[in-house]
Amino acid sequence: MFPDVKPMELSRRAEPFDHRDWIFELKHDGFRAIAYVGEGKCKLVSRKGTVYKSFDPLREAIAVELKAKDAILDGEIVCLDSDGRSKFNELLYRRVQPFFYAFDLIWFDGKDLRQLPLLERKRMLRRLIPQRRRGRVMFTRHIKGRGRALFRKICKLDLEGIVAKQKGGLYLPSAKWIKIKNPNYSQAQGRLELFEKRR
């Protein structure tokens, strides 16, 4: 029914930049996931191709909230605090209910959208995601051209970073998105040791 989707790769860059042909989004701190939605069900697949066995309530919510015959979305599974900030440890230890922040629409109602420009895919995604206060699926907003200003803001708020994407970019394995991480992000401290303890 669906094509197997290889998630867009993220390259790294140390410094933010401005460019009129790029958009910039908040980098959410969670688990990357491709959501396959169809026939009233949702499957969440990790960046490395592993099917998530947990997150049953989230998968059910995605299937119910998205009014589509079938769809494939790229996004991030996150847990949020009262201010809407990602809390990675809450997600890692499954302490609170997770949400799905969608940032791309790859397939919709039987149509492969990977050859469409990014901004067109995001417009379709915005129309697909219902605007409700208590929804579990959320749309990742962006700004055009002004990566430096967004990066300064996220660093001030102690968020993880930003992602830069060409606004006309196609969803192709040969293409790249760029992540610029906050070097002083407090939740990154001790994370390597945390994962080593869990092995």
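Contact, as used in this tour, means heavy atoms within 4.5 Å. The model is predicted: local features need pLDDT of at least 70, side-chain atom pairs count only at pLDDT 80 or more, and totals for chains, interfaces and linings use all residues. Residues are numbered from 1 along each chain as its sequence is written, and side-chain values use heavy atoms, with hydrogens and water left out.

**The whole chain**

Begin with the entire protein in cartoon view. Five helices and eleven strands are present; helices (H or I, at least four residues) and strands (E, at least two) are DSSP runs, numbered from the N terminus. The C-alpha trace spans about 45 × 40 × 35 Å along its principal axes. The radius of gyration, taken over C-alpha atoms, is compared with a globule rule of 2.2 Å times the number of residues to the power 0.38. For 199 residues a compact globule would have a value near 16 Å, and the protein agrees, because its own value is 16 Å.

Of the contacts between residues at least 6 apart in sequence, 72% join residues at least 24 apart. Buried residues make up 48% of the 199 residues, where buried means under 20% relative accessible area, exposed over 50%, and partly exposed in between (1.4 Å probe, protein chains only).

Switch to a surface display. The accessible surface comes to about 11,300 Å², and carbon and sulfur atoms account for 48% of that area. Accessible areas come from the Shrake-Rupley method with a 1.4 Å probe; for residues, only the protein chains shown count as cover. Colouring by charge brings up 45 positive and 25 negative side chains, with the centres of the two sets 2 Å apart. Lys and Arg count as positive and Asp and Glu as negative, while His and the chain ends are not counted. The place of a charge is taken as NZ of Lys, CZ of Arg, CG of Asp or CD of Glu.

Select strand 10, residues 161-166. Five of its six residues are buried, so strand 10 is largely enclosed by the rest of the structure. Two strands pair if DSSP finds at least two bridges between them. Strand 10 runs antiparallel to strand 11 (residues 176-181), with four bridges joining them. Within this pairing, V163 has K179 as its bridge partner, and A164 has I178.

Strand 2 is antiparallel to strand 10 and is joined to it by five bridges; L26 stands opposite I162.

Next, select S174 in the loop between strand 10 and strand 11. S174 is exposed, at a relative accessible area of 66%. A distance drawn from its C-alpha atom to that of E90, 84 residues away along the chain, reads 34 Å.

**Helix 3**

Move to helix 3, residues 118-128, and show the side chains of its buried residues: L118, L119, R121, K122, M124, L125 and L128.

Select strand 3 (residues 31-38) and strand 4 (residues 41-46), an antiparallel pair with six bridges. They form a hairpin with two residues between the strands, and E39 in the turn has a positive phi of about 55 degrees. Along the pair, I34 stands opposite V45.

Continue into the loop between strand 4 and helix 1 to reach F55. Phi of F55 is near 65 degrees, a positive value in a residue other than glycine. Most residues other than glycine have a negative phi. F55 is buried, with a relative accessible area of 8%.

Helix 1 covers residues 56-65, and its buried residues are L58, A61, I62, A63 and E65. Their cover includes strand 3, strand 4, strand 5 (70-78), strand 6 (99-108) and strand 8 (137-139).

**Last stop: D109**

Finally, select D109 in the loop between strand 6 and strand 7 (111-112). Is D109 buried or partly exposed? D109 is partly exposed, with a relative accessible area of 31%. Its phi is near 45 degrees, again a positive value in a residue other than glycine.
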